[in-house]
Number of protein chains: 2
Amino acid sequence: MAATSSSEDSLRRALADKQSTIDAHGNVIRQLKSSGASKSEIDDAVKALNALKLEKTSIENQLKASISGDANGSVVSRDAFRQAVVNTLERRLFYIPAFKIYRGVAGLYDYGPPGCAVKSNVLAFWRQHFVLEEDMLEVDCPCVTPEVVLKASGHVDKFTDLMVKDEKTGNCYRADHLLKDYCKDKLENDLTMSADKAAELKHVLAVLDDLSGEQLGAKIKEYGIVAPDTKNPLSDPYPFNLMFQTQIGPSGASTGYMRPETAQGIFVNFKDLYYYNGNKLPFAAAQIGQAFRNEISPRQGLLRVREFTLAEIEHFVDPDDKSHPKYSEVSNLEFLMFPRNEQMSGQSAKRLCLGEAVSKGIVNNQTLAYFIGRVYLFLARLGIDEERLRFRQHLPNEMAHYAADCWDAEIESSYGWIECVGIADRSAYDLRAHTDKSGVALVAQEKFAEPKEVEKLIITPVKKELGLAFKGNQKMVVEALEAMNEKEAMDMKAALDTKGEVEFEVCTLEKTVTIKNNMVSISKEKKKEHQRVFTPSVIEPSFGIGRIIYCLYEHSFYMRPSKAGDEQLNVFRFPPLVAPIKCTVFPLVQNQQYEEVAKQISRSLTAAGISNKKDITGTSIGKRYARTDELGVPFAVTVDSASSVTIRERDSKDQIRVNVDEVAAVIKEVSEGRCTWDDILQKYPAHTSASADE
Amino acid sequence: MAATSSSEDSLRRALADKQSTIDAHGNVIRQLKSSGASKSEIDDAVKALNALKLEKTSIENQLKASISGDANGSVVSRDAFRQAVVNTLERRLFYIPAFKIYRGVAGLYDYGPPGCAVKSNVLAFWRQHFVLEEDMLEVDCPCVTPEVVLKASGHVDKFTDLMVKDEKTGNCYRADHLLKDYCKDKLENDLTMSADKAAELKHVLAVLDDLSGEQLGAKIKEYGIVAPDTKNPLSDPYPFNLMFQTQIGPSGASTGYMRPETAQGIFVNFKDLYYYNGNKLPFAAAQIGQAFRNEISPRQGLLRVREFTLAEIEHFVDPDDKSHPKYSEVSNLEFLMFPRNEQMSGQSAKRLCLGEAVSKGIVNNQTLAYFIGRVYLFLARLGIDEERLRFRQHLPNEMAHYAADCWDAEIESSYGWIECVGIADRSAYDLRAHTDKSGVALVAQEKFAEPKEVEKLIITPVKKELGLAFKGNQKMVVEALEAMNEKEAMDMKAALDTKGEVEFEVCTLEKTVTIKNNMVSISKEKKKEHQRVFTPSVIEPSFGIGRIIYCLYEHSFYMRPSKAGDEQLNVFRFPPLVAPIKCTVFPLVQNQQYEEVAKQISRSLTAAGISNKKDITGTSIGKRYARTDELGVPFAVTVDSASSVTIRERDSKDQIRVNVDEVAAVIKEVSEGRCTWDDILQKYPAHTSASADE
């Protein structure tokens, strides 16, 4: 990327130079003409000018190629690929823009039958892989949430995006989107822009997420950005809360919101869940459910929507012991990681061994690493391409101040790298926030086997002296002294012991006062304690199910020529685990006997819990295979006799011959992952018949 | 009920008679006293009065017994039973009042770990029993719904309850609830009320659901009902819309609601789903999801909540052919049905054969009956007590005007008979409503094998004559003539043919005009048609999952004495299909070897997809069995050696001995219903050891 960028740079400079040469040469010609030079003299000069213009065009073309390579990879082929995937998904009803007959609502989608089945399969596997495997406590809380809960969590005050309004029509836009679009458009299409200006716009793009409302507003003004639909001027940016607001009950006095995440339902139940777990740490609670974000202007299809399914885990752990008993099961895993340092020094993601990342201090702790490893296994099992999956560490400015460490599982799609799972060590933030607001202590206890001696900090302000010194301000100073934490207090003690006095800032007075030796006594005393009471840390893996599924669609999609070679056929190479339908059944030709056998096989598959679909239309077997491939159905049973049938595997197109009464068992085994298609190939005779072939 | 009621009636009359006798006798005594009668004379009279009072008390007691038997069964034991169930459910976190640390929100509940698992199991079985078995098209649509959709469905205008407000505090109440509470309270506690008054209040209770706002308001005034919390006067009743309202997007111009049912998401997608099904009828679509009702004042715990999970099926069928191919699979089923006639003639529900109910015309059609049968099988398999399950037909006044027939699966609980599944033939109403509003034709086509000759009505107004007769009103008359349906037109033709003229009402003119022979020609012509285009009927089974689960809790709950006989232990007799955890595993005593074996068994169960829980606390085995029974865990594995273990069944408390490496397979077989506990008992040796016993 650095190399490309500098070549773009020099091309922009070369283009500007060439333009000045052309301008100068134009002046020369004009002078020749006005001074009455000879025709041949003028013709030569024009020829030279045309040669310069050709050279300029050549530089422009190089610059265009350099920009599109730089900004978007091969943007054309990416867009074409996405269009092919999305067309197939919409045509086969994997998803549908919601309320389409009423012209739809931006950011709301329906899952049609195959999409709904894929989602069910992903969620069932999530439950198996996380909830059952780790003995998690799954809960199911309402979406409607009273204001007090989301006030405590910070969402009422901070869950906002910056918005600008068209000053005439009132149309709303996301301020950062407008600035981003402006910069990208300029960089891609304004070839005459100076290299310095280009560098400036690139910098804006890089820091876009960190800009304040004022900074965004200033840039929008500076660049003269107007409303894209009307060219009207825009308002200053202001925050818009992304929660859907409503009223609970008829009185109008009780504001509620549709939850923006499922996590809060777990936090507020911590006390009960801890009790349910026998008052023992660590334990994890989990929740799958709808979440809602009233996006200002949704884009990117299924990736940024107003309602979506989240699957969240809150793993509660002792902050003094973040080891994990099953850590060794994942510590040897290797996959693409993108630590903070590599990002900041302009390197790219690299394969790392998870255990090494922990021992080198790249990943903060074992429990966080355990979940990173489990998430990797989960996504790989679903069929996400490992080469296009990376775990990116949050930069310091991306993380909330309370977070200890945070990694995103990012999946590369035609839209770029997409955050699909966030895995954060949120420390004690959430439980503390709800403890403060509700007055219910969300804490854990560790009972000591025998009482422990602990050192306790004792701060004793000498009120008489303080009163003399500070009069009416005495109370504020006393409170400020008592509120010191251990480090502050011990620093003060050291200063008082050596210098006899110290400057001390009293926030409530908004000034600094002088504390003398005789005004406060600070000491540490030993005390016996029978238990330790503490707020657990929480490690939160949070899965955007819709995003994972969309990326899976892109990673599973490919095209191959039809047998006749006259068209490209679409295939989704879903693993059986994910496939919406595990098996199709069709009679080779329309004939009552074959149809009866097909029905019987379909019934036995249904009884075995294997989703299947009959296709008894008279279309050619090749067309029926193509239809089934386009839904990602891994196996197709073709009935071409009453006693045995063929089973075809989607990607290899291998076919085997199996007795009718064994079909359900074979499909069940291979669909549920108890054996592979290769195992099956060993066991049953291959089938090679022209008639059943595509 | 009729018998009890008349005995209550005669008791009220007897009580009133006795009171008058007592009053009269009191007067006699006063007269005796004032007229200076002898002491013995007065004493005798007082004795007689006391005897009368005793008789009155006896009648009062009989009346009380009659009322409580009549209104609530044995209301005391019902309440005590419910309290025992609910205590257990809350203590073991089957459910939790949501946002409890913030004092909760009425009508919102969380499912804790076991409740969440029960719900998952019920939904997984629903998918297997309905979606997979019938090849339904499952979809998954957003909860946030734009106004236009719910305007078309009628919810914006009609999804309301009548509310009254405390005129001073603004507190809101459901008008029908207040009236109901008043009547019930009077009937139960006012023993001096006349039989006529009692009959009136009972009538009010019977027709409560049919009362208009004006009628409710009049009754509230008449009875002097005031706000229960403050005794303040109440406003007149007015409709309150039960949908949670919100705004979609930032503009404030796009009203949305949280969907009150999932069905609309299916209806608006009819066209795509019909295409997906190869343009063939019948087919069914299904959806599981959250629905929302902003209840005015939620009551009855989990039965009336503000957010709940619905599972809905919309089966689309040709209105001219409502037969069902799998009807014969359910037609021999027998269960409690409560047809319209039995309800109106005061009889009770009775066992009927489903096939007979159809052939006698009690159930409208085969498809409706097929779903009634499948719902019966579904509920019975979940563990609903068949004796407390009935299918009640809607009375004509309960049904929407467009509905062809409607049956509710009602389950008896401590709250009475609760509607848990509605199975309605909604005819073409919903598809027509969305066709009208969206302009997109939601219709099906039947292609004829060969063109069919059909008669078409032709109405040709003679504009010249009409113009002469009606001048400026000509256009309205022409439109009214053209809008006649077949019957109206043929009646007019007959009248014109015989009488030469006819009176005709033109709505748009708000008057009747005279149409003469020469003003219109009406005829029927034969035409060839290649297909029939029609709006399908929809048959809708709609499941309130939370209600089913709550009733299941009540039906599964029982108590039995502990072994020592000193306490009552709670048990849920969930079938394995539903049980939140299929198996607990515990070492008989705390010992590392046994704990290792327990871990190994737990791991093998997890690998087999069987939810399980280890209990390695040191509590007595009896206590651990009790804990596990209270969660409804059907099987408990106790490790008392390194090679073989015991498996105990919850309800029989039978124990068998099984080798460690067979445990997972045995539990899997019996949990997944591939064999019964009795089969297992035949195969493995019984275990009878004092130590492992309770």
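In which loop of chain A is A:Lys471 placed? A:Lys471 sits in the loop between helix H16 (463-470) and helix H17 (474-482) of chain A; helices are DSSP runs of H or I with at least four residues, strands are runs of E with at least two, and both are numbered from the N terminus. The model is predicted, and its local features need pLDDT of at least 70. Residues are numbered from 1 along each chain as its sequence is written, and chains are lettered from A in the order in which they are written.

Although A:Lys471 is not a glycine, its phi is positive, at about 50 degrees. A:Lys471 is exposed, with a relative accessible area of 63%, whereas B:Ser427 is buried at 18% (buried is under 20%, exposed over 50%, partly exposed in between, with a 1.4 Å probe and protein chains only). B:Ser427 also has a positive phi of about 50 degrees without being a glycine, and it lies between strand S16 (416-425) and helix H15 (429-438) of chain B.

Another loop feature concerns proline. The peptide bond from A:Leu281 to A:Pro282 is cis, with omega near -10 degrees, and A:Pro282 is located in the loop between helix H11 (270-276) and strand S10 (283-292) of chain A. In chain B, a cis peptide bond joins B:Leu281 and B:Pro282, with omega about -10 degrees.

Helix packing can be followed in chain B. B:Ala175, B:Asp176 and B:Leu179 in H7(B) meet B:Leu216, B:Lys219 and B:Ile220 in H9(B), where contact means heavy atoms within 4.5 Å.

Terms used: This is a predicted model: local features need pLDDT of at least 70, side-chain atom pairs count only at pLDDT 80 or more; totals for chains, interfaces and linings use all residues. Side-chain values use heavy atoms; hydrogens and water are left out.
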